[in-house]
Amino acid sequence: AVGRLFRLTLPDSLLFAFALAQGGEFAFVLLAYSSNFALLSTEQIALLTAAVAMSMALAPLLFIIHRRIVAPRFERLDEERSADVIDEKDNPVIIAGFGRFGMTIARLLQAQGFGTTVLDHDAAQVEALRQFGFKVFYGDASRVDLLQAAGATDARILVIAIDDQEKILEIAATAQRHFPHLVLFARAWDRVHAYDLINAGVANVYREVFGSSLDMAQDALAALGVHRYTAARAARTFRHFDEQQLRRAAPLAGDQAALIDASRAAREEMTHVLSGDRRTDMHLDDHAWEAPDRRPDMEA
């Protein structure tokens with residue numbers, strides 16, 4: 001019920017339920033306090049202790065049942081469903097994955113007048129999105145025939161925004177092999193995944209929380225009294241430097257010691273660069289960088 005309230009898919013809701021089924025160690029602490037303050041009888045505490053212990057002991061069994069029985073059932077349902085017939089083939093952009101990442105990209109591109117053909121490999125997600133009026137086609141974008149049907153031969157850009165790290169690499173490899181003219185934009189889960197994509201030849205790699213974390217850091221600097229322009233310039237410098245360091249470090253993926261050394265050196269260099277910017281920055285009276293409700297020229 002809680003899973004449905006938060007619009008989780010049925011497979012995710014079942015996994016959520018299995019995870020909640022077990023008690024935790026904190027229950028023993030609460031039961032001990034209950035005993036000390038005589039809130040519960042000795043018999044009640046013994047019964048509850050046994051129930052919590054049994055739930056913890058059975059938790060691995062529940063996850064084995066989920067992995068071997070429940071999850072494969074839904075995987076078979078997805079596999080048995082054939083891909084949708086795609087009736088859009090003339091759009092310049094194909095987007096694989098229409099979750100929280102891909103949806104934002106599609107909405108902005110569509111708002112600017114660029115048509116997008118959207119694919120998603122999660123049948124439940126596709127049906128849910130259709131209820132909200134989104135046009136999404138079900139299918140696995142790592143299949144050559146599906147990309148062909150989506151117009152990959154004439155499209156200009158392929159955005160890979162699904163939530164499966166291995167599948168992202170697989171789709172990128174398929175597109176590079178069969179549609180080399182496509183410009184690939186790939187979502188990366190983290191820095192290590194970004195290394196894998198860069199080493200696979202994907203030039204446009206975007207870590208999914210990198211941009212939003214920089215936006216927050218920029219606003220935090222402004223809240224601390226740093227001028228908006230200075231904060232924006234610091235964020236821009238950090239982004240540029242970190243992207244350069246990401247590509248320099250990618251060939252070192254797999255060599256933990258070399259990565260650690262490169263990371264330490266990069267942090268020191270970044271600190272030096274940003275501290276130099278602070279020393280050379282002069283006082284700014286340009287209020288155009290401030291929010292409209294804080295700018296003197298916007299006051300009523």
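I started with the sheet: it is open, has six strands in the order β3-β2-β1-β4-β5-β6, and pairs in parallel. I took helices (H or I, at least four residues) and strands (E, at least two) as DSSP runs, numbered from the N terminus, and counted two strands as paired if DSSP finds at least two bridges between them. β3 (137-138) and β6 (204-207) are the edge strands with a single partner strand each, so one side of each has no neighbour in the sheet.

I noted that this is a predicted model, where local features need pLDDT of at least 70, side-chain atom pairs count only at pLDDT 80 or more, and totals for chains, interfaces and linings use all residues. Residues are numbered from 1 along each chain as its sequence is written, and side-chain values use heavy atoms, with hydrogens and water left out.

Aspartate 120 has tyrosine 138 in β3 as its bridge partner.

Then I turned to the helices. Helix α5 (residues 102-111) packs on the sheet and touches β1 (93-96), β2 and β4 (157-160), with contact meaning heavy atoms within 4.5 Å. The direction of α5 makes about 160° with that of β1; axes are lines fitted to C-alpha atoms, for helices over the stretch in contact, and angles run from 0 to 180 degrees between N-to-C directions. Helix α9 (residues 191-199) also packs on the sheet, touching β5 (183-188) and β6.
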